[in-house]
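Read it with the coordinates open beside you.

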Amino acid sequence: MPRRGGVEALRRASADCRGCPLFKDATQTVFGDGSPTARLFLVGEQPGDQEDREGQPFVGPAGQLLRRALGEAGLGDEEVYVTNAVKHFKFATAPRGKRRIHKAPSLREMTACRPWLVAELRLVSPQLVIVLGGTAGRALLGSSFRVGEQRGVLQPMPSWDRGAGGDGRSAGRSGEGSGLLLATTHPSAVLRADDREAAFRGLVADLSVAASALD
Ligand code: SF4
């Protein structure tokens, strides 16, 4: 882990990461992207198929939906930094054809990748972190995190010293950051929802709470 050179040095170093087996099948490391001085920091689960091919986070359909939701929540003009809890695409190949089907990362993979995420958080030092979905929540808030129980609620920025397998109970007690954190659903869950419009409205409502917390 480079100690100098900021986010760009991290990005370059992450390209050669062999911290878990996910690098073997993925195309490339998909590191975070955006302003290194952003007030708003968004964390998703892992790159998807399109992100893996292009090497950029949130460039696929979920990213497009996220940008629309940010705009409707009044955050369209806000500088953001976007990243994922896990930097390589985990997938299974469909029995017929070549379609790559998303697989959720394991706790071990999340734990292996967590130092990259923590390093990004420390360098960007955002005012507000938005956690998108369960994997990102477990990576930052501990294994007891459930997005349905915590979404849409502003909470103190937790300590980044705990591992991904922690129980989340020490969140907010170390005083490492003075900012806030808010969890919501991952935009890909909105795309999969039976009632997509209602799910989208829920995402916008949560992001509107986040918008109200920024000066
Ligand atoms: S997923 Fe994370 S820890 Fe695993 S190889 Fe990729 S960058 Fe390294």
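The shell around the ligand counts 15 residues, and C17, G19, C20, H88 and C113 come nearest. The model is predicted. Helix 4 supplies the largest share of this shell, four residues.

**Ligand shell**
- By residue class, the shell around the ligand holds eight nonpolar, four polar and three charged residues.

- Six strands form an open sheet with mixed pairing, in the order 1-3-2-6-8-7.
- Strand 1 (33-34) and strand 7 (155-156) are the edges, each pairing on one side only.
- Strand 2 (residues 40-44) runs parallel to strand 3 (residues 80-84), joined by five bridges.
- Strand 2 also runs parallel to strand 6, here with four bridges.
- V43 has a bridge partner in each of these neighbours: T83 in strand 3 and V131 in strand 6.
- Helix 5 (residues 134-141) packs on the sheet and touches strand 2, strand 6 and strand 8 (180-184). The direction of helix 5 makes about 130 degrees with that of strand 6.
- Strand 6 and strand 8 are parallel, with five bridges. Across this pairing, I130 stands opposite L182, and L128 stands opposite L180.
- Strand 7 and strand 8 are antiparallel, with two bridges. Here P156 stands opposite L180.

**Burial in the sheet**
- How many of the five residues of strand 6 are buried? The count is five of five, so strand 6 is mostly covered.
- Both faces of strand 6 are covered. L128, I130 and L132 are buried on one side, and V129 and V131 on the other.
- Strand 8 is largely enclosed by the rest of the structure, because four of its five residues are buried.

**Nonpolar core**
- The largest nonpolar core has 45 residues. Those touching the most other members are F41, L42, V43, A85, V129, I130 and V131.
- Two or more core residues come from each of strand 2, helix 3, strand 3, helix 4, strand 6, helix 5, strand 8 and helix 8 (196-213).
- L42 touches V80, V82, I130 and L132, leaving out residues up to four places away in sequence.

- Most residues other than glycine have a negative phi. Two residues here are worth a look.
- F58 has a positive phi of about 55 degrees and is not a glycine. F58 sits in the loop between helix 2 (49-54) and helix 3 (61-72).
- Is F58 buried or exposed? F58 is buried, because 27 other C-beta atoms lie within 10 Å and the cut-off for buried is 20 or more.
- S125 has a positive phi near 50 degrees, again in a residue other than glycine.
- Why does S125 count as partly exposed? S125 has 16 C-beta neighbours inside 10 Å, whereas buried needs 20 or more and exposed needs 12 or fewer.

Note on methods:
Residues are numbered from 1 along each chain as its sequence is written. This is a predicted model: local features need pLDDT of at least 70, side-chain atom pairs count only at pLDDT 80 or more; totals for chains, interfaces and linings use all residues. Two strands pair if DSSP finds at least two bridges between them. Two residues are in contact if their C-beta atoms, placed from the backbone, lie within 7 Å. Axes are lines fitted to C-alpha atoms, for helices over the stretch in contact, and angles run from 0 to 180 degrees between N-to-C directions. A nonpolar core is a set of buried Ala, Val, Leu, Ile, Met, Phe, Trp, Tyr and Cys residues joined through C-beta atoms within 7 Å. A residue is near a molecule or strand if its C-beta atom, placed from the backbone, lies within 6 Å of it. Ala, Val, Leu, Ile, Met, Phe, Trp, Tyr, Cys and Pro count as nonpolar, Asp, Glu, Lys and Arg as charged, and the others, Gly among them, as polar.
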